[in-house]
Amino acid sequence: MTRISPQPTEPGTSPAAPPGRASAKRAIAAATIGNALEFFDLALYALMATYIGKTFFPHDNPGVQLVQAYAVFGISYLIRPIGGLLLGSYADRQGRKKALMLSIRLMVLGTGLMAFMPGYATLGFLAPLGIVLARLVQGFAAGGEFGAATSFLVEQDNRRKGFFGSFQFASQGLATVVAAGFATGLTAVLSDTQMTAWGWRVPFVFGLLVGPAGYVIRRYVEESPAMAQVPAAGESGGTPSPVRSVFRRHRGGLLVAGGALVVSTALNYSLQYLPTFAIKELGLDDSLSFTALLITGTILTLGTPVVGLLADRFGRLRIMIPAAALIGLSAVPLFIWLTNAPSFLALALCMTVLGLLKAAYFGALPSVMADAFPAEARATGLAFSYNTTVALFGGFTPTIATTLVTATGSRISPSYYLLAVSLLSIAALVGGYRFRGIR
């Protein structure tokens, strides 16, 4: 294949000079540490849902407790589009750096509430309300995190936007590794009673300690080169209204960016749900099931930047469209195999295959989504498209999967959901190619 020429810079801006190695490392660290903290908390909640349900949602049926815990997991996503619009607009007006500093402060607040909120036995009905509040704070912060961080990354070097943007999702893989590591270790050494009483809180306390380090790194990083060239950015307010610009001029970009994300976010939360599915539905060991997720997280962390490099060289859609098709086509047979012959090896192999396909798909995804919007409205457009899609197809994926299994009695029913969303994303990528020139 021939090398694909770089995407042109946005109108009204000149090509940004490539950052030096030290500057690039600081930029990657500043953007990814907050993303890692965000997705660490998200992965933890999904992995610890069984114990959180017992702590905050009293009910005789453990299945109902699990559904209630996952419902709170999903409800917090409803506020993310609002956070995306407000914090994304702030990033487009005042700069990526200021928005990143604000979002990490809010994430630390939400993590602190999760770590120390007393259970139902102590607070009664106020306990589940407190957990809802914690998830809403985290959801609001996460709403602006993606738009500001992704914009900050892809704007570092227009010729390597696939590689820089890939660290947005590589950080998600790293968060999965750390969260799964905690889940594996804790469930191996603690009893179920200890996990319910206090064990599930330990990794949230760890996340709380990471936040200040992330804030310090973001405080001393430089603004992205492209944002620095937007007229009056960070001084007189930048564009008059990024929100108005997105909804009036870039509705097509919202459809392309959001549609391309659908299969990635659904698969992401399906992978987080699979250990719980293996424990509850297939009777596999808790610690071994979480180890399978640890393997997948490692693949995503290491494989995603490699895909970003390849995408810059050969073209992003040439990699993403086949990967999306394979995700949809492989989901059903993998679930059939896993449910018919449940074992740790089967679970690990299924999650490895899906992890490799996910890395192939979403390594170039951040830069594709970013190209759907101009620099002066990019963080707003990215934040709204990302958070609306995640709210609809990501946050409720564990609930949808659990409900499908309960309602149909078929343990492979979640795989049909992945097949359907893969078709949606392929359609969005084709639309981005035909109508917006994204390659």
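The model is predicted, so local features need pLDDT of at least 70 and side-chain atom pairs count only at pLDDT 80 or more, while totals for chains, interfaces and linings use all residues. Residues are numbered from 1 along each chain as its sequence is written, and side-chain values use heavy atoms, leaving out hydrogens and water.

The chain has 20 helices and zero strands (DSSP runs numbered from the N terminus, H or I of at least four residues for helices and E of at least two for strands). Of its 439 residues, 59% are buried, meaning under 20% relative accessible area with a 1.4 Å probe, protein chains only.

Now for the helix pair. Helix α15 (residues 317-340) packs on helix α16 (residues 344-362) at an angle of about 165°, their axes 8 Å apart (axes are lines fitted to C-alpha atoms over the stretch in contact, and angles run from 0 to 180 degrees between N-to-C directions). That makes α15 roughly antiparallel to α16, the label for angles over 145 degrees.

As for the asparagine, N387 sits in helix α18 (residues 378-394). With 0% relative accessibility, N387 counts as buried. Leaving aside residues up to four places away in sequence, N387 touches R80, P81, G84, A142 and G143, where a contact means heavy atoms within 4.5 Å.

Conventions:
Buried < 20%, exposed > 50% of the residue type's maximum accessible area, 1.4 Å probe, protein only. Parallel < 35°, antiparallel > 145°, perpendicular 65-115°, else oblique.
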